[in-house]
Amino acid sequence: MVVASSAISLEAARDLAIRQGFPAFILSDCIEGEARDVGNVLAAIAREIRSRNRPFKAPVILLSGGETTVTVRGSGKGGRSTEFLLAFALAIDGLKGIYALAADTDGIDGSEDNAGAYADGTSAARMRARGLDPLRLLAENDAWSAFSTIGDLIVTGPTGTNVNDFRAILIEA
């Protein structure tokens with residue numbers, strides 16, 4: 001009997017969102033590829049929904065899972081979920097009404113003690129206001145520092161299970 005899986009966790013999140021009155025859709029539970037590329041693609045979908053109400057009508061929650069990767073180019077701190085979010089935050093910079101959460105279900109995202117982080121259209125501006133260059137931090141694989149500085153890390157501690165990465169994106173009407 002399977003008691004936990006990526007599909008089960010996404011279905012539970014979808015069902016909770018619907019009970020709370022938000023339409024929610026699971027895009028996939030097996031998304032792979034470079035975390036920053038996945039961040040850019042999902043940000044493009046979120047922007048399309050926000051500006052054109054397609055392929056879904058806002059408000060809506062998009063859910064996805066899988067195992068992205070990070071090609072280490074720099075010497076920063078972080079992991080797949082925060083790198084995904086930093087790229088996502090840059091791609092929605094300045095836009096209102098888009099919010100994202102990304103976390104590793106085991107409670108540890110890469111090299112630090114956080115499970116992941118959350119981001120919105122103000123994230124990159126808040127980083128810059130603290131003297132950080134989010135583009136440089138992405139180039140250095142230092143998404144942990146970016147989100148730690150603005151206080152947007154998610155710290156759960158070890159969860160005792162690992163059913164892939166979890167991503168939720170809310171697009172408001």
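Predicted model: local features only at pLDDT ≥ 70, side-chain atom pairs only at ≥ 80, totals over all residues.
Is Asp 93 buried, partly exposed or exposed, and at what relative accessibility? Asp 93 counts as partly exposed, at 31% relative accessibility.

## Arg 128 and Asp 93

The partner of Asp 93 is Arg 128: their side chains meet in a salt bridge, with 2.6 Å from N to O.

Arg 128 has a relative accessibility of 39%. That value lies between the 20% and 50% cut-offs, so Arg 128 counts as partly exposed, as does Asp 93 at 31%.

## Glu 83 and Arg 36

A salt bridge also joins the side chains of Glu 83 and Arg 36, at 2.8 Å from N to O. Glu 83 is in helix 3 (residues 80-91) and Arg 36 is in helix 2 (residues 35-52), so the contact ties together parts 47 residues apart in sequence.

Both partners are on the buried side of the 20% cut-off. Glu 83 has a relative accessible area of 2% and is buried; Arg 36 is buried too, with a relative accessible area of 15%.

## Network and total

Side chains of opposite charge can pair when their charged atoms come close. In this model the count comes to eleven salt bridges.

Five residues, Glu 67, Arg 80, Asp 104, Asp 165 and Arg 167, are linked in a network of salt bridges. The cut-off for a salt bridge is 4 Å. Asp 165 and Arg 167 are both buried.

## Largest pocket

The largest pocket has a volume of about 220 Å³. Its lining is made up of 14 residues, and those nearest the centre are Ile 61, Leu 101, Ala 168, Ile 169 and Leu 170. Two or more lining residues come from each of helix 1 (6-19), strand 2 (60-69), strand 3 (98-104) and strand 6 (165-171). Strand 6 supplies the largest share, four residues.

Which classes of residue make up this lining? By class, 13 of the lining residues are nonpolar and one is polar, with no charged residues.

How values were computed. Residues numbered from 1 in each chain as written. Heavy atoms only, no water. 1 Å grid on protein atoms, 1.4 Å probe; cavity = no way out; pocket = protein on both sides within 12 Å on 5 of 7 lines; lining within 4 Å. Points joined across faces, edges and corners; volume = space filled by probe spheres on them. Nonpolar A, V, L, I, M, F, W, Y, C, P; charged D, E, K, R; others polar. Buried < 20%, exposed > 50% of the residue type's maximum accessible area, 1.4 Å probe, protein only.
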